[in-house]
Amino acid sequence: MNWKKALAAGTLAVAAVTMIAGCGGNTDKQAAQKLPDKIVIGLDDNFPPMGFRDDSGQLVGFDIDLAQEASKRLGIPVEFKPIDWDSKEAALKSKQVDMLWNGLTITDERSRQIAFSKPYMNNAQLLVVRADSPVSDRAGLAGKVIGTQEGSSSIDALEKNAEFKDSLAEVKKYGDFVNAFMDLEIGRTDGILVDSVVGRYYMAKKPGKFKVIDDKMGDEKFGVGMRKEDTLLQDKLNDVLKQMSEDGTMTKLSQKWFNEDITIKVQ
């Protein structure tokens, strides 16, 4: 073989190795990973009916049940750890927790920081006022005070509806929606912007106290948040969520907590 042929053969060989390495890069990264011995799940423990404490102090809720079933199928125990929901991404990145699983809305901004599972439930943003309020639409809240939860997707919905936000006298931010509802009930605020799953659950517990004046502030989907590098865990969880979607487990849990199936088919 003369030097020209040798050079050409060497170039082809390098190119082939580069192509193989490029194609198998993600596979190699995942092969180097291992599933954790325990999964620590970060949550807001005052977010009914997704995750909250019952009268005995026990953690209960739709996402609690879902995570516990996923734990069984993965063969990995889970620990639930209440965190400051406004700092949830920091808690995940610093490895205080391994997942964020508590009615977490999938947004573009969050997706730049963390990885998400496939979506498993629909959500929306509701504007809620007291039942005796003369306000009947969002325009009626101009110059008034509304409450919402710090770090929630309701904040994102407000930013996307800048004209409505600018019309308000104030947006009061709470550590959780339960306290926001309490202030609305006693008249400290004029309305609440709240996740539909929480809002409708809370309103059902206090019939006749509140009314929805707008349910079109934003349509959303819930997913489980993880670190971007944990692709093996992400894939395994997606497989389990798909199984639970297909075998009716999600439907059963949704009917338990919402009296209807509001889950979506996991692809």
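Q: Which residue does K206 meet in a salt bridge through its side chain?
A: In this predicted model, K206 lies in the loop between helix 9 (196-205) and strand 12. Its partner is in helix 8 (residues 177-185), 21 residues apart from K206. The N to O distance of the pair is 2.9 Å, and the residue that K206 meets is E185.

Q: Is E185 buried, partly exposed or exposed?
A: The relative accessibility of E185 is 26%. Buried requires a value under 20% and exposed a value over 50%. Because 26% falls in between, E185 counts as partly exposed.

Q: Where in the chain is R138, the residue whose side chain meets D214?
A: The side chains of D214 and R138 form a salt bridge at 2.8 Å, N to O. The pair links distant parts of the chain, 76 residues apart, with D214 in strand 12 (residues 210-214). R138 is in the loop between strand 8 (121-130) and strand 9 (145-149).

Q: What is the relative accessible area of K216, which forms a salt bridge with D215?
A: The closest N and O atoms of K216 and D215 are 3.2 Å apart. D215 counts as partly exposed at 33% relative accessibility. K216 is exposed, and its relative accessible area is 66%.

Methods. Residues are numbered from 1 along each chain as its sequence is written. This is a predicted model: local features need pLDDT of at least 70, side-chain atom pairs count only at pLDDT 80 or more; totals for chains, interfaces and linings use all residues. Side-chain values use heavy atoms; hydrogens and water are left out. A salt bridge is a side-chain nitrogen of Lys or Arg within 4 Å of a carboxyl oxygen of Asp or Glu. Helices (H or I, at least four residues) and strands (E, at least two) are DSSP runs, numbered from the N terminus. Buried means under 20% relative accessible area, exposed over 50%, partly exposed in between (1.4 Å probe, protein chains only).
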